[in-house]
Every structure is written in C-alpha cells, then in structure tokens.
Amino acid sequence: MDRIKEKMNALRLEADESQAKVEELQAKVKTLEQENLSKEQEIISLNHKNQLLETRVETLETENDDHKKTISGRQSDINQSESLQRKLQLLEEEAEEADKNLRETHEKLRQTDVKSGHYERKVTALEAARDQWETKYEEMAKKYSEVQEALEEFQRDIANI
C-alpha cells in the first residue's frame, strides 16, 4: 500500500514538473513571439529608412548630374561637384550599411521563427506526455480504489471467519 502511495506521489510530482515545464516553455514562446514582433518592426523601420536613403541617393545623383552639366571649367564648381560626390559616396555607404543591417535582422527573425517552432513542438510533446501521465494517474487511482475495496472485503471476510 505504501508503494502505491509512493508511486502515486511520484506520478503527481512528475505531473507537476511536466506542468511547470509546459508553463516555462509557453513563457519562452511568448518571449520569442514578442522578440519576433520587435524584429519585424525593426525591419519595417529599416526598410523605410533604406527607401528614404535610396530616394536621397537618387536626388543627390540627379543633383550631381546637373552640376556636372553646368561646370564650365571653374574650380569652385569642380570643388562643389567633388563635395557632392563625397556625400553621395557616404550616403551609398550608409545605404549599404542599412541594407546589411536589414539582412542581419531578417536572418535573426528567421532564426527566431525556427526557435519558436521548435519550442512549440516541445510544448506539444510535453502536453501529450502530461496527458499520458494524467491518464496513468487516473488508471492507478482506479486500481488503487479497486484494491482498497478488495482489501476491505477481504478484511470483512477474515473478520467473519
């Protein structure tokens, strides 16, 4: 009888531990989903910034072309053109950096999605295990009741003898 109680207590502990693990994994999934949302917002922001920079680059390229047409050999016009070219180069570098950041963020988002899927599968597996343990617990409780009834009947029979 003590063994059955010990087994039932062990099963309860395992069920409690499984439930705690499920809750922990659900919290992790929620955290990953929040990170995922944050990364998506960052991607949108970087895309917008990238578009603005590309527009600015196009504007500066247009200005640069216009200035090249108006240069008539004066040194000041040449210096101004060189300055615009440097600005253009800096903006192109900024655009490349923003594009690189966008790709890195997209990769991190993909990895977060993969992790989220992994944890969701773990949660599903743990929930299935928990359900199995609950079923086993219910079966053991039923068997315990049956054995208890048989024991009581046996004790009554012995007492009657």
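These questions and answers go through a predicted model of one protein chain.

Me: How many helices and how many strands are in the chain?
Reply: Helix α1 takes in residues 2-70, and helix α2 takes in residues 75-160. The chain has 0 strands, and its helices number 2.

Me: Why does the chain count as more spread out than a compact globule?
Reply: Along the principal axes, the C-alpha atoms fill a box of roughly 130 × 15 × 15 Å. For 161 residues the globule rule gives a radius of gyration of 15 Å, and the chain is well over that, so it is more spread out than a compact globule. The radius of gyration of the chain is 35 Å.

Me: What share of the residues in the chain is buried?
Reply: A residue is buried when its relative accessible area is under 20%. The chain exposes about 12100 Å², with carbon and sulfur atoms supplying 49% of that area. Of the 161 residues, the buried share is 20%.

Me: Is Asn64 buried or exposed?
Reply: Asn64 lies in helix α1. The relative accessibility of Asn64 is 5%, and the cut-off for burial is under 20%, so Asn64 is buried.

Me: Which residues is Gln85 in contact with, leaving aside its neighbours within four places in sequence?
Reply: Gln85 lies in helix α2 and is partly exposed, with a relative accessible area of 34%. Gln41, 44 residues away along the chain, has its C-alpha atom 33 Å from that of Gln85. The contacts of Gln85 outside its sequence neighbours are Asn64 and Lys68.

Me: How far apart in space are Arg103 and Ile43, C-alpha to C-alpha?
Reply: Arg103 is placed in helix α2, and its relative accessible area of 49% makes it partly exposed. In sequence, Arg103 and Ile43 are 60 residues apart. Their C-alpha separation in space is 8.8 Å.

Me: How far apart in space are Asn47 and Ala98, C-alpha to C-alpha?
Reply: Asn47 is part of helix α1. It is partly exposed, at 31% relative accessibility. Asn47 and Ala98 are 51 residues apart in sequence, while their C-alpha atoms are separated by 8.3 Å.

Me: What distance separates the C-alpha atoms of Thr55 and Lys5?
Reply: Thr55 is in helix α1 and partly exposed, at 44% relative accessibility. Along the chain, Thr55 and Lys5 are 50 residues apart. The distance between their C-alpha atoms is 74 Å.

Me: Which residue has its backbone oxygen 2.8 Å from a polar atom of the side chain of Thr55?
Reply: A polar contact needs N or O atoms within 3.5 Å. The side chain of Thr55 has a polar atom 2.8 Å from a backbone oxygen, and that oxygen belongs to Gln51.

Me: Which residue has its charged end over the ring of Trp133?
Reply: The count of aromatic pairs is 0. A charge sits over a ring only if it is within 6 Å of the ring centre and within 35 degrees of the ring normal. At 4.8 Å from the centre of the Trp133 ring, the charged end over the ring is that of Lys136.

Technical notes
Residues are numbered from 1 along each chain as its sequence is written. This is a predicted model: local features need pLDDT of at least 70, side-chain atom pairs count only at pLDDT 80 or more; totals for chains, interfaces and linings use all residues. Side-chain values use heavy atoms; hydrogens and water are left out. Rings of Phe, Tyr and Trp (its six-membered ring) pair if their centres lie within 6.5 Å; planes under 30 degrees apart count as stacked, over 60 as edge-to-face and the rest as tilted. Helices (H or I, at least four residues) and strands (E, at least two) are DSSP runs, numbered from the N terminus. The radius of gyration is taken over C-alpha atoms; the globule rule is 2.2 Å times the number of residues to the power 0.38. Buried means under 20% relative accessible area, exposed over 50%, partly exposed in between (1.4 Å probe, protein chains only). Accessible areas come from the Shrake-Rupley method with a 1.4 Å probe; for residues, only the protein chains shown count as cover. A polar contact is a pair of N or O atoms within 3.5 Å; within protein, one must be able to donate a hydrogen and the other to accept it, and residues adjacent in sequence count only if both atoms are side-chain atoms. Contact means heavy atoms within 4.5 Å.
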